[in-house]
Amino acid sequence: MQLFASPSPPRVFDVPDAVHQAAHATSAASTGPDRFESFVDERMLEVYARAQNPDDPMELRDLWLGRVDQELGKHGDRTWQADKWRSSAVRRQVGAEDVLRSRATVRFVKELFNWYFRDELYGRLRDQAEIILSGGAVDEEAWGVPSALKDCIRYALDRDWYGYSDSRGREPSREAVARYENSRIETEPYTAGNIALTLGGTFAMSSLADFLLHEAKTNAPALCATPNYPPLVETIARRGAIELVPLASEDGRTSLEPLIAALRPDTPLIMLQTVGNPTGAAVLEADLARLIDAAGPSTMILLDECHEWLGPLRRADAKRAAPNVIRISSLSKNWSAPGLKIGWIVADERLVADYYEYASTTFGGPPSFLYTLVEVLARMERWVVEGVDILTGEHAGEFESTYAMDLRGLQQAYDGYRQERRERADGLMLLRDAAVGGLCHPAMTVTPPRYSINMAVEFRGWDDSYLCFRDVLRNTGVSVLPGILTFCLSKSIMRVTAARRWDILDEGMRRLTRYLDQRSHGSLVIPAQRAGS
């Protein structure tokens, strides 16, 4: 039985002409200042000042939601939370550092995140949410897994390849990932010994936090850059002290100066997304190298690289291969497969060897029927990076004889993979550009993303992103993600995900702009945009 003996035909991604036109109009127009910043504002401080116990994240959550319910007026329907807010009073003075260094802050945001998804958007408000622009992932039905990778899953299942395996993953798959990662970095430092396959990005972060911090011999806090994804931050906060470090971005570049300034000699861990969620702004390699040099050898640096796609090609600096750096990747974003729960970490060989014991004790190993998918994906991605067009027997020979690889079938599968990869990336970037233009409005400020499918949009006229979500959903049937759920602790910053079908995305943007037009011509006066804001 040969893999790719009869490869599936490539999937065709249809991008309507209207998307091209909208994207072109965006590139020809000014979209406003490309600067993003988040800080702890007075509204955030007020919740901590009023709490009976500011270390109780559930009380902080209920106070926040109670204030939202109070301000919704007749549209509020959580009376017990509104009563909690009305009965509260200022009890103390609180500063921004108190919020950023509080364990309760991380859990409070995570509980608000849970409330939004479990109780509101996919709970009692689900019928209102006619258009969801807050998902954070690619619409997999429209932009799904390439056909060649689906063939790998079918092949593995047909051969009953779902037994026990090495807890770091099958060695040929790890070797393929190592060669792929070597094609993306300035040196070639990796072998299979530097790779461990995982159950996706969030799980990898959780397991690494547990593995690295369970015997930490310092009281210094781990540093987590924000904006960030609440489950990732919470999983680190569960293991010890934590400090949130807000990072600003400008012209698509995220500044690491606050993170470098917060470093201590005994800082146990840094967690950083190399491309911000929701900003789409990237960390420059030179800045990342400065951070790695500034950190002590015992400070572990976890790089979440999962949003590092849909943007200019970049070659990683050799510093990313430092012994105290761990790189995390997954199939969730780039390959539209969050439900497959598969990815990998790249780290020092000694650390990966030690991680084997942790993995074999904690979860056994990743799904073994996905090893063929990972191996094929990694090899084809490497060939793309290396500029390979025509495969040879040497390429087919990279696979074990188990696959009985036919060069003709492999070439057809590779051609189809490249075609789907190119059309999919081009289509998603066109959608993103079209969304940046479609959201340009006097009442909105869009931060154009350089990478990723997400973008940060400030909705002017609100000072609370959760209140904005409730108002917008009720009046438009469109769901956008409150920025507080990505640790944007000021203003009304919302996250919009552009990777939807065009008819859905276009209708959602039209509803938003119509509603904002109505507000601006009604009783509410939306303040004029400040220069440089």
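The report below takes up a strand and its pairing, then the cavities, then a helix.

The model is predicted, and the description begins with β9 (residues 300-304), a strand in which 5 of its 5 residues are buried. Both faces of β9 are covered, with Met300, Leu302 and Asp304 buried on one side and Ile301 and Leu303 buried on the other. The chain reaches β9 from β8 by way of helix α12 (residues 285-294), in a β-α-β crossover that is right-handed. The pairings of β9 are set out here.

| Pair | Sense | Bridges | Facing residues |
|---|---|---|---|
| β8 and β9 | parallel | 5 bridges | Leu272 and Leu303 |
| β9 and β10 (residues 325-330) | parallel | 4 bridges | Ile301 and Val325 |

The model has 4 cavities of 30 Å³ or more, and the largest cavity holds about 100 Å³. The elements that contribute two or more residues to the lining of this largest cavity are β4 (222-226) and β8 (269-273). Leu272, which stands opposite Leu303 in β9, is one of the lining residues, which also include Phe36, Pro227, Leu247 and Asn277. By class, the lining of the largest cavity comprises 5 nonpolar and 7 polar residues, with no charged residues.

Helix α2 (residues 42-50) is likewise mostly covered, since 7 of its 9 residues are buried, namely Arg43, Met44, Leu45, Val47, Tyr48, Ala49 and Arg50. The cover over these buried residues of α2 includes α3 (57-71), α4 (79-86), α5 (96-100) and α6 (103-124).

Conventions
Residues are numbered from 1 along each chain as its sequence is written. This is a predicted model: local features need pLDDT of at least 70, side-chain atom pairs count only at pLDDT 80 or more; totals for chains, interfaces and linings use all residues. Side-chain values use heavy atoms; hydrogens and water are left out. Buried means under 20% relative accessible area, exposed over 50%, partly exposed in between (1.4 Å probe, protein chains only). Contact means heavy atoms within 4.5 Å. On a 1 Å grid over the protein atoms alone, a cavity is a set of points where a 1.4 Å probe fits but cannot get out, and a pocket is an open set with protein on both sides within 12 Å along at least five of seven lines; lining residues have an atom within 4 Å of a point. Grid points are joined across faces, edges and corners, and a volume is the space filled by probe spheres set on the points. Ala, Val, Leu, Ile, Met, Phe, Trp, Tyr, Cys and Pro count as nonpolar, Asp, Glu, Lys and Arg as charged, and the others, Gly among them, as polar. Two strands pair if DSSP finds at least two bridges between them. A crossover is right-handed if, with the strands pointing away from the viewer, the path from the first strand over the helix to the second runs clockwise.
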